[in-house]
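Subject: Structure for you to look at

Hello,

Please find the structure below, with its sequence. My notes on what was found in it come after.

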Amino acid sequence: MAITGNGSLATLLFLFMIPASLHKGAAQYPVQSQNLVTDNVAVVEGEVAVISCRVKNNDDSVIQLLNPNRQTIYFRDVRPLKDARFQLVNFSDNELRVSLSNVSLSDEGRYVCQLYTDPPQEAYADITVLIPPGNPIIESREGQVIEGNETEMTCTAMGSKPAATIRWMKGDKELQGMSKVEETYDHMFTVTSQLRFIVTKEDDSVPVVCIVDHPAVKDFQALTYLVVHYKPEVKIIVEFPDGLPREGQNMELSCQAKGKPHPQQISWVKVDDDLPSHALITGADLYIENLNKTYNGTYRCFAANSVGESYDDYILYVYDAPTTTPKPTTATTTIPTTTISPPEATADTTPSAEPAAHDSRAGEGAPRAVDHAVIGGVVAVVVFAMLCLLIILGRYFARHKGTYFTHEAKGADDAADADTAIINAEGGHNNSDEKKEYYI
């Protein structure tokens, strides 16, 4: 073994006098001796590892560093080992610090710090070489998922040491996958994680992230986006009229449908009946002219794509056309959608008649108003007649109420019998004409 640097014959003699037990190793290795201290080292493959042998309260004892094969790397500040990757960083009475550049997996193992005291002391620094995994790979069972179905994704992290761990994120929510670890012939590890979940239409374009956790790398991840196909969502919008649909007006219904893929087929039908003859379909819009009550019913819009078909309903009920009572000084012309009032006319101007094109059903409201007025007048007359009848009957009964006195049988109290009473009555029967009573 050659000695470089400032070695001497005394140094050579000292090396040969090292006890054999130090080269063979003891049965038990203390991690830390009383005065000698070192640290374990974890280093990423290809980077630099630093081994530090430190002595507390050193009494000028010699420090040396050995590799896992018990070969001397450094004796004091001398490097007997012909490996230029080892370089002296610091040497003093209290520390021997050595760096190892371009670390490879073969450098992994237990390094020995020795302090020549009586008895000799050893401390051990384990170098662990970290090998990051390759780029994670996400694979999906199918490229496009239909709403409500289950999808399966797989994330693989290959060739790492130690084995990596894999986490899943869907949007801002963490999901739990099932991981499998395999060790290769060169003591490397491959980790595969499988994720299953039911997709909804809200998952469309949501990122799914496979996150790989490993001590050699940070923020190591792979990302993919969900592509979810779903049936159309259909909604019918009334473009006009703004208020209630009335006779004589025009109506436009718009069928708004969205889905993935975008709906290619949109159709209109009237449930349990045919569309009106005045109905016009333009793309997704249904246009109906000159509404009337025969158009009442349920109108349905269908939208379809490769996933399925959906529909929405609109129930049409046509109301009477609005009617206006003409003012004495104003001529009013009524059309199906608007009312136009020309300037005031003179006092003897008469209301103009409705145009011939106006739907006759628009005036149905006026006769109803007259019918109510007639009914109210009849009821008032009947009530008044009953009151008059009650007053007449009351006066009649009031005049025939009381006690009536006559001169018949006057003096009957002093007569012995009825015949005598009649005979003794004042005037007898001779004055019968004077006893007549008259009733009005």
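Cys-255 and Cys-301 form a disulfide, with their sulfur atoms 1.8 Å apart; a disulfide here is a pair of cysteine sulfur atoms within 2.5 Å. Cys-255 sits in strand S20 (residues 251-260) and Cys-301 in strand S24, 46 residues apart, so the pair links distant parts of the chain. Strands (E, at least two residues) are DSSP runs, as are helices (H or I, at least four residues), and they are numbered from the N terminus. The torsion about this S-S bond is about -80°, so the disulfide is left-handed. Cys-255 has 4% relative accessibility and counts as buried, and Cys-301 is buried at 0%. Buried means under 20% relative accessible area, exposed means over 50%, and partly exposed is in between (1.4 Å probe, protein chains only).

Before the rest, two remarks on the source. This is a predicted model, in which local features need pLDDT of at least 70 and side-chain atom pairs count only at pLDDT 80 or more, while totals for chains, interfaces and linings use all residues. Residues are numbered from 1 along each chain as its sequence is written, and side-chain values use heavy atoms, with hydrogens and water left out.

The other disulfides

The count comes to 3 disulfides. Counting bonded cysteines along the chain, they follow the pattern 1-2, 3-4, 5-6. One of them joins Cys-53 to Cys-113, with 1.8 Å from S to S. Cys-53 belongs to strand S3 and Cys-113 to strand S8, and the two are 60 residues apart. The torsion of about -65° about their S-S bond makes this disulfide left-handed. Cys-53 is buried, with a relative accessible area of 0%, and Cys-113 also counts as buried, at 0%.

Another disulfide joins Cys-155 to Cys-210, again with 1.8 Å from S to S. Cys-155 lies in strand S12 (residues 150-160) and Cys-210 in strand S17 (residues 207-214), so this pair ties together parts that are 55 residues apart in sequence. The link is left-handed, with -70° about the S-S bond, and both cysteines are buried. Cys-388, by contrast, counts as partly exposed, at 30% relative accessibility.

Strands and sheet

An open sheet is formed by 5 strands in the order S2-S9-S8-S4-S5, with mixed pairing. Two strands pair if DSSP finds at least two bridges between them. S2 and S5 are the edge strands, each pairing on one side only. From one strand to the next, the twist averages 20°; the axes are lines fitted to C-alpha atoms (for helices over the stretch in contact), and angles run from 0 to 180 degrees between N-to-C directions. Within this sheet, S4 and S8 pair in the antiparallel sense over 4 bridges, and Cys-113 in S8 is the bridge partner of Leu-65.

Strand S3 is largely enclosed by the rest of the structure, because 5 of its 7 residues are buried. S3 pairs with S7 in the antiparallel sense over 6 bridges, where Arg-54 stands opposite Glu-95 in S7. S3 also pairs with strand S1 (residues 36-37), antiparallel over 2 bridges, and Leu-36 stands opposite Val-55 in S3.

Nonpolar cores

Which residues touch the most other members of the largest nonpolar core? They are Leu-65, Ile-73, Phe-86, Leu-96, Tyr-111 and Ile-127, out of 26 residues in that core. A nonpolar core is a set of buried Ala, Val, Leu, Ile, Met, Phe, Trp, Tyr and Cys residues joined through side-chain atoms within 4.5 Å. Apart from it lies another core, of 19 residues, including Phe-197 and Cys-210. Leaving aside neighbours within four places in sequence, Phe-86 is in contact (heavy atoms within 4.5 Å) with residues including Ile-73, Val-98 and Tyr-111.

Salt bridges

There are 19 salt bridges, each a side-chain nitrogen of Lys or Arg within 4 Å of a carboxyl oxygen of Asp or Glu. In one of them, Glu-122 meets Arg-70 at 3.1 Å, N to O. Glu-122 is in strand S9 and Arg-70 in the loop between S4 and S5, 52 residues apart, and both are buried. Asp-273 forms a salt bridge with Lys-270 at 3.8 Å; Asp-273 is partly exposed at 45%, whereas Lys-270 is buried at 8%. Arg-141, Glu-142, Glu-152 and Arg-196 are linked in a network of salt bridges.

Regards
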